[in-house]
Amino acid sequence: MLTHENLLMALNLTCPDKVIEEWFWNYFYSLGGPELAKLVRAITGSTCIPFLSENFKINIRFERGSQIKATTCFKSLVLPKFDSFQSLKLGLDSFIHEEIRFN
């Protein structure tokens, strides 16, 4: 079962702005099990991750730009530098639900 604690072992977050980083973690911990699985699927292409592999990492970074981009082959998510928690939440919620609809 996918949990926040299990997923934390695989996350590699790069964010030079501590406020945006805090917003991301607040969003992350607000997700329930089904939404957490959708986030993982949008990034990796799968709703589960190999917990026994120490080499499995999901890379999340923030860059200039206006779009959220995921690369399932590299298990990476690039997020724009949001200007508020609400815009981060809206962007990620939309991304998760649109990604699932198109898969």
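Predicted model: local features only at pLDDT ≥ 70, side-chain atom pairs only at ≥ 80, totals over all residues.
**Helix α2**

Helix α2 runs over residues 18-30 and has 13 residues. From first C-alpha to last, α2 reaches 18 Å, close to the 18 Å expected at 1.5 Å a residue. Its buried residues are Ile20, Trp23, Phe24, Tyr27 and Phe28. These residues lie on the same side of α2, because they cover an arc of only 135° around the axis. The N-terminal end of α2 is capped by aspartate 17. A side-chain oxygen of aspartate 17 lies 2.9 Å from the backbone nitrogen of valine 19.

Histidine 4 lies in helix α1, residues 4-8. Leucine 92 sits in helix α4, residues 85-102.

Beyond residues up to four places away in sequence, histidine 4 touches Phe28, Tyr29, Leu31 and Leu36. Phe28 is also one of the buried residues of α2. A polar side-chain atom of histidine 4 lies 3.0 Å from the backbone oxygen of leucine 31.

Leucine 92 contacts Phe24, Tyr27, Ile68, Leu77 and Leu79, leaving aside neighbours within four places in sequence. Phe24 and Tyr27 are among the buried residues of α2. Leucine 92 and leucine 39 are 53 residues apart in sequence, and their C-alpha atoms are 8.4 Å apart in space.

Terms used. Residues numbered from 1 in each chain as written. Heavy atoms only, no water. Helix = DSSP H or I, 4+ residues; strand = E, 2+ residues; numbered from the N terminus. Contact = heavy atoms within 4.5 Å. Expected span 1.5 Å × (residues − 1). Buried < 20%, exposed > 50% of the residue type's maximum accessible area, 1.4 Å probe, protein only. Arc of directions from axis to C-beta. Polar contact = N/O pair within 3.5 Å; in protein donor to acceptor, adjacent residues only side chain to side chain.
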